[in-house]
Amino acid sequence: MSIIEGIKQEKVVAVIRKTTKENIVPILEALAEGGVHHVEITAETPQVNQIIEKAVREADPAMKVGAGTVLDPETARSVIMAGAAFVVSPTWNVDTLRLCQRYGIEHIPGVLTPTEISVACEHGARMVKIFPADSVGPSYIKNIRGPLPHVSAMVTGGITLNNMNDYLQAGSAAVGIGSNLVNAVQLKSEADYQELTKRAEDYIRRANS
């Protein structure tokens, strides 16, 4: 199964910020136990390449470890060399998409307007990221899907357990969840990781209900 098909099937992508080499594997283990198997580690994270390398090397092979907040092709190549299975951006940059295509890696570019969505798809993006979703709301996704029913979109930005299904029912193929799911700096104890597993279960259950 391709990365994009896996994301569409599971519907939830965890966006992990401020993680470290010490806690990334426990985070991924807790998420996997809760049913979340697609994660993006954001590129502004210190030592992100080493963190991705460790995640790919030591985490459950079922985990698909991507890189997020990738702004340019140079960063894209760096995280791909570290082992990122997919690349997500908050913005549209055709050179980043082309770089990912060169390496056979899925790129999910950040877009907002119908024009940006269409241009990204015309250049070969198989999924786009509508960001920031909470600035436009679920009705915007529904309206976009009218003239652009072929577009697979992941929404990110302000997505919570309570509003997630509003976006999915409006036509979003998946949701990206940040600190509402994973708050890396607050994970200290075994109980914290157990709670993370429970949150992951809640998101997966509701997304597929």
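This is a predicted model: local features need pLDDT of at least 70, side-chain atom pairs count only at pLDDT 80 or more; totals for chains, interfaces and linings use all residues.
Thr156 sits in strand S8, which runs over residues 153-156. Thr156 is buried, with a relative accessibility of 9%. If we set aside the residues within four places in sequence, its contacts are Lys129, Ile130, Phe131, Pro132, Ala133 and Gly176.

Two of those contact residues, Phe131 and Pro132, are joined by a cis peptide bond, with omega at about -5 degrees. In general, most peptide bonds are trans. Pro132 belongs to the loop between S7 and H7. Phe131 also has a charge over its ring: Lys129 lies over the face, at 5.0 Å from the ring centre. As for pairs between aromatic rings, the count is zero.

Next, helix H7, residues 138-145. Which of its residues are buried? They are Tyr140, Ile141 and Ile144. These three cover an arc of only 100 degrees around the axis, so they fall on the same side of H7. The face of H7 turned away from the buried side carries Lys142 and Asn143, which are exposed. The cover over the buried residues of H7 includes helix H6 (114-122), strand S7 (128-130), S8 and helix H8 (164-169). S8 is the strand where we found Thr156.

Helix H3, residues 48-58, can be read in the same manner. Its buried residues are Val48, Ile51, Ile52 and Ala55. Here too the arc is only 100 degrees around the axis, and that places them on the same side of H3.

The largest core has 63 residues. Those with the most contacts inside it are Val12, Ile27, Leu28, Leu31 and Leu181. H2 supplies the largest share of this core, seven residues. Take Leu31 as an example. Not counting residues up to four places away in sequence, Leu31 touches Ala14, Ile16, Val36, Val39, Met63, Leu181, Val182, Leu196 and Ala200. There is also a second, separate core of 11 residues, and among its members are Ile3, Ile4, Phe86 and Ala174.

Now Trp92. It lies in the loop between strand S4 (86-88) and helix H5 (94-102). Is Trp92 buried, exposed or partly exposed? At 25% relative accessibility, Trp92 counts as partly exposed. Leaving out residues up to four places away in sequence, Trp92 touches Leu97, Pro109, Gly110, Val111, Val119, Ala120 and His123. Of these, take Val119: Trp92 and Val119 are 27 residues apart in sequence, while their C-alpha atoms are 9.2 Å apart in space.

On to the cysteines. How many disulfides does a search of the whole structure find? The number is zero. For Cys100, the reason is distance: the closest cysteine sulfur, in Cys121, is 15 Å from its own, which is too far for a bond. The cut-off used for a disulfide is 2.5 Å between the sulfur atoms. Cys121 is likewise in no disulfide, with the sulfur of Cys100 as its nearest, 15 Å away. The surroundings of the two can be given as well. Cys100 is buried, at 0% relative accessibility, whereas Cys121 is partly exposed, at 23%.

Last, two backbone points. Most residues other than glycine have a negative phi. Lys18 has a positive phi of about 60 degrees, although it is not a glycine. Where is Lys18 found? It is in the loop between strand S1 (12-16) and H2. Lys18 is exposed, with a relative accessible area of 59%. Thr69 has a positive phi as well, about 55 degrees, and it is not a glycine either. Thr69 is partly exposed, with a relative accessible area of 21%.

Terms used: Residues are numbered from 1 along each chain as its sequence is written. Side-chain values use heavy atoms; hydrogens and water are left out. Rings of Phe, Tyr and Trp (its six-membered ring) pair if their centres lie within 6.5 Å; planes under 30 degrees apart count as stacked, over 60 as edge-to-face and the rest as tilted. A charge sits over a ring if NZ of Lys or CZ of Arg is within 6 Å of the ring centre and within 35 degrees of the ring normal. Buried means under 20% relative accessible area, exposed over 50%, partly exposed in between (1.4 Å probe, protein chains only). Helices (H or I, at least four residues) and strands (E, at least two) are DSSP runs, numbered from the N terminus. The arc is that of the directions from the helix axis to the C-beta atoms. Contact means heavy atoms within 4.5 Å. A nonpolar core is a set of buried Ala, Val, Leu, Ile, Met, Phe, Trp, Tyr and Cys residues joined through side-chain atoms within 4.5 Å.
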